[in-house]
Amino acid sequence: GEARDNPEWPSGIYAVNEDGTVEIVADLSAWTRANPTESLPWDYDPETGGVDMVAGDGLIWLSQPNRDEILTITPDGAITRIVDLSAQHPVLTGIDLAPDGGVYVGTMTPVPFANGAAKVLHVTPEGEVTEVWTGLTTVLGIAVGPDGALYAVEMSTENLTEMPFLRPGTGRVVRQTGPDSAETIAS
């Protein structure tokens, strides 16, 4: 996009046609500039698209960690902000469809990535947000497993309070066992 000196390819949702050509469906760069969030982080970048997306019920759901918002995009490219969490700056990450509607979205939290500060939120199509799993650390991905349980990928645990903050070799995949508890599946 514009900030990256590549205006022909802005941050967005693209479709690949049967003939192999590509066309933009939703221009996130333009939409982001026209629709600021309540609060912008120090490292705000209008070209930052969503990090995670999932499709369901005729919509693409997109989490934008730099702006801390959840968007939906229709097949014809209409973009809607479902929720703006920028004032809390949870650093939204992984996203998956919630069986009862809406999505689950993880939080990484900002530096220094405090142990136990990350969580998983449920966001309804109407923008209602509830915490469904707390006590996690640096969540990068989440999924509803085939068993119906929530799973999360924690990039690191046992984090430090000083640079470099993240402790290498401590990441893990966990399954939710309660509102604030988990069991390790892989570490």
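Visitor: How many bridges join β8 and β9, and in which sense do they pair?

Guide: Two strands pair if DSSP finds at least two bridges between them. Strands here are DSSP E runs of at least two residues, and helices H or I runs of at least four, numbered from the N terminus. β8 and β9 pair over four bridges in the antiparallel sense, and V103 stands opposite V123 in β9. This is a predicted model, in which local features need pLDDT of at least 70 and side-chain atom pairs count only at pLDDT 80 or more, while totals for chains, interfaces and linings use all residues. Residues are numbered from 1 along each chain as its sequence is written, and side-chain values use heavy atoms, with hydrogens and water left out.

Visitor: What joins β9 to β10?

Guide: Five bridges join these antiparallel strands, and V120 has W133 in β10 as its bridge partner. The hairpin of β9 and β10 has five residues between the strands, where G127 takes a positive phi near 90°.

Visitor: What is the strand order in the open sheet of four strands?

Guide: The order is β7-β8-β9-β10, with antiparallel pairing. β7 and β10 (129-136) are the edge strands; each has a single partner, so one side of each lacks a neighbour in the sheet. From one strand to the next the twist averages 20°, taking axes as lines fitted to C-alpha atoms (for helices over the stretch in contact) and angles from 0 to 180 degrees between N-to-C directions.

Visitor: Why is β9 largely enclosed by the rest of the structure?

Guide: Buried means under 20% relative accessible area, exposed over 50%, and partly exposed in between, with a 1.4 Å probe and protein chains only. Of the six residues of β9, five are buried, so the strand is largely enclosed.

Visitor: Which residues make up the largest nonpolar core?

Guide: In soluble globular proteins, nonpolar side chains tend to be buried together. A nonpolar core is a set of buried Ala, Val, Leu, Ile, Met, Phe, Trp, Tyr and Cys residues joined through side-chain atoms within 4.5 Å. The largest here has twelve residues, including V54, W61, I70, V105 and L121. β6 (79-84), β7 (92-97), β8 (103-107) and β9 (118-123) each supply at least two of its residues. Another core, of eleven residues, lies apart from it, with V120, L136, I142 and A152 among them.
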